[in-house]
Amino acid sequence: MALPLQVTTSLAEWLSVQASIWHEITTWYGWSSTRFSKRPSGFSPEDLYSNLVGVKITGAIVRRHAAPSELAYNRAVPAVLKDALGKLGALPQDATRRAFEYVDGIWWDSTKRIPDNQLVRRRYFNIGPTLYPWTLSDAQPSATLVAARKEFDEACGAD
């Protein structure tokens, strides 16, 4: 890979992560591009980590020269995303739904709606330099989570 492409891609990745951090900060302090506050979504548990994953997926596509156009980029994303989810150990869809149910009331509250700031009950304020995703083991133990632990330990290898 030519050095300018490597350098510019790495710089673009870094700038994108910085912009996503500032988006969370401005959202948290009341900025919104809509008529209603987006503060309830500021620093939600998945925001920064999922932004980072998206930045890395885009960087991989650019580094592979797989995106000479927007259409080519859109066609490249599914394969790179599938590979990334495999490496990250994504759960099957039904187990993912159950995981959301298990952290309901711990990380988020399904009885709340925007603009209620209690919709997201736990915030992720770590902005780096290393970001880690929250796992179910990071949730406060509940009877439901403890009972479901076996399923997720098998699916996640106790990770």
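**Backbone geometry and surroundings of selected residues**

H65 has a relative accessibility of 56% and therefore counts as exposed, the cut-off being over 50%. The model in which this residue is described is a predicted one. H65 is placed in the loop between α2 and α3, the latter helix covering residues 70–88. Although H65 is not a glycine, its phi is positive, at about 55°.

A positive phi, of about 60°, is also found at F43, again a residue that is not a glycine. F43 belongs to the loop between α1 and α2, with α2 spanning residues 47–63. In contrast to H65, which is exposed, F43 counts as buried because its relative accessibility is 5%, and the limit for burial is under 20%.

The overall fold of the protein chain comprises five helices and zero strands, so that the order of elements from the N terminus reads α-α-α-α-α. Of the 159 residues in the protein chain, 28% are buried. When contacts between residues at least 6 apart in sequence are considered, 59% of them join residues at least 24 apart. The protein chain has an accessible surface of about 10,500 Å², and carbon and sulfur atoms account for 59% of this area.

The loop between α4 (93–102) and α5 (143–156) contains R123. P129 lies in the loop between α4 and α5 as well, and is joined to G128 by a cis peptide bond with an omega of about 15°.

R123 is buried but forms no salt bridge. The nearest side chain of opposite charge is that of D47, at a distance of 6.7 Å, whereas a salt bridge requires a separation within 4 Å. Backbone oxygens are found around the side chain of R123 instead: that of N117 is reached at 3.2 Å, and that of V120 is 3.4 Å from a polar atom of the R123 side chain. With neighbours within four places in sequence left aside, the residues in contact with R123 are W28, R39, P40, S41, G42, F43, S44, N117 and W134. This list includes F43, the buried residue with positive phi described above.

W14 is part of helix α1, which runs over residues 3–28. The relative accessibility of W14 is 51%, and W14 therefore counts as exposed.

Terms used
Residues numbered from 1 in each chain as written. Predicted model: local features only at pLDDT ≥ 70, side-chain atom pairs only at ≥ 80, totals over all residues. Heavy atoms only, no water. Helix = DSSP H or I, 4+ residues; strand = E, 2+ residues; numbered from the N terminus. Buried < 20%, exposed > 50% of the residue type's maximum accessible area, 1.4 Å probe, protein only. Lys, Arg positive; Asp, Glu negative; His and termini not counted. Polar contact = N/O pair within 3.5 Å; in protein donor to acceptor, adjacent residues only side chain to side chain. Contact = heavy atoms within 4.5 Å. Areas by Shrake-Rupley, 256 points an atom, 1.4 Å probe, with all protein chains shown as cover.
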